[in-house]
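Subject: Structure handover

Dear colleague,

Here is the structure I said I would pass on. My notes on it follow below.

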Amino acid sequence: MPEKQLRVECLAVTPNALSLIYAAFRQCYHAGFVADMWPRLLSGEIDPEVQADFVAKTMESGHDSPIEHVSMTFAVEGISRACSHQVVRHRIASYSQQSQRYVAENDMDYILPPAIAKIPEARERFESFMAEVQSAYTDLRDILVANGRKSKANEDARFVLPQAAETKIVLTMNCRSLHHFFHLRCCNRAQWEVRAMANEMLAICKEKLPALFKNGGARCEQLGYCPESPKFACGKYPTRQTQG
């Protein structure tokens, strides 16, 4: 039952992402048909730096719907079920998550919260409980198998598994949804685990598509003030009510 660490990998990005977004933006302002421009974009005849600059400046104006044409797919491991429950609340996305029905938790990995890890007696109690859970799960699964549940034993034994149980997930979001995800989950008020995952994803996005994500992150980073009320602000930026 080892403690598991976060790992985020990018599996795929829409091909020719920058040129595709540039073409979508240009179609909004261009009298002609961008399909006629497309070969020039792919060949580099229209400088990629020109494309990136146009995309970045247009996004700064608040026009961001064309970036929905590009999506990114991530594989994530080392997150808890508590974290994945938060992630899947983002609706404009696709998810494929490791099943506790079909994957037996014979040696359950778990996520250890840092606040618990740094207090010896808290860590000891936490790890003791994880061992109790593993024992209960294994016993229940064996009893269910012996009583005829066979391949169905997992789906019933899993009811004792905690939110700390590690899970793996593949998720795909378009770039506009990713920005929304980062606005919320990179915020200092976001739960520590989902914030760590969002920050890892954002770093990848900035590497893969810098023109789209160079200013990505918590909403306050773009606004220069906190959009929350003073009651909920973290203090990094003044709120809209208190600034000025």
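Contact here means heavy atoms within 4.5 Å. The model is a predicted one.

With that cut-off, arginine 158 is in contact with Gln100, Arg101 and Tyr137, leaving aside its neighbours within four places in sequence. Arginine 158 sits in the loop between helix 7 (153–157) and strand 4 (166–174). Its relative accessible area is 29%, so arginine 158 is partly exposed.

The unreviewed entry carries the annotation "binding site" for Gln86, Val87, Val88, Arg89, Gln97, Gln98, Ser99, Gln100, Arg101, Arg158 and Arg185. These residues span 100 residues in sequence and their farthest two C-alpha atoms are 28.8 Å apart, so they do not all gather at one spot.

Serine 99, another residue in that annotation, is in the loop between strand 3 (94–97) and helix 5 (114–117). Serine 99 counts as partly exposed because its relative accessibility is 24%. Its side chain reaches the backbone nitrogen of arginine 101 at 3.0 Å.

Next, the strands. Strand 4 pairs with strand 3 in the antiparallel sense, over 4 bridges; within this pairing, serine 96 has valine 170 of strand 4 as its bridge partner. Strand 4 also runs antiparallel to strand 2 (residues 71–80), and 8 bridges join the two. There, isoleucine 79 is the bridge partner of threonine 167 in strand 4.

Helix 6 (residues 120–146) has 27 residues, which at 1.5 Å a residue should span 39 Å; the end C-alpha atoms are 39 Å apart, so the two values agree. The buried residues of helix 6 are Phe126, Met130, Val133, Gln134 and Tyr137. An α-helix has 3.6 residues a turn, so residues three or four places apart point the same way. Helix 5 and helix 7 are among the elements that cover the buried residues of helix 6. Tyr137, one of those buried residues, is also one of the contacts of arginine 158. Just after helix 6, glycine 148 has a positive phi of about 95°.

Helix 3 (residues 48–60) passes the same check: its 13 residues should span 18 Å at 1.5 Å a residue, and its end C-alpha atoms are 18 Å apart. Which residues of helix 3 are buried? They are Gln51, Val55, Ala56, Thr58 and Met59. These cover an arc of only 165° around the axis, which means that they lie on the same side of helix 3. The exposed residues Glu49, Lys57 and Glu60 are on the face of helix 3 turned away from its buried side. The cover over the buried residues includes helix 1 (17–29), helix 2 (34–43), helix 8 (175–185) and helix 10 (210–213).

As for the ends of helix 3, aspartate 47 caps the N-terminal one, with a side-chain oxygen 2.9 Å from the backbone nitrogen of glutamate 49. Just after helix 3, glycine 62 takes a positive phi of about 100°.

Serine 19 lies in helix 1, and its side chain makes a polar contact of 2.9 Å with the side chain of glutamine 51. Serine 19 counts as buried because its relative accessibility is 10%, the cut-off for buried being under 20%. Not counting residues up to four places away in sequence, serine 19 touches Trp38, Leu41 and Gln51.

Regards

How values were computed
Residues numbered from 1 in each chain as written. Predicted model: local features only at pLDDT ≥ 70, side-chain atom pairs only at ≥ 80, totals over all residues. Heavy atoms only, no water. Expected span 1.5 Å × (residues − 1). Buried < 20%, exposed > 50% of the residue type's maximum accessible area, 1.4 Å probe, protein only. Arc of directions from axis to C-beta. Polar contact = N/O pair within 3.5 Å; in protein donor to acceptor, adjacent residues only side chain to side chain. UniProt positions renumbered as here; feature names shortened; annotations may be inferred. Pairing = 2+ DSSP bridges.
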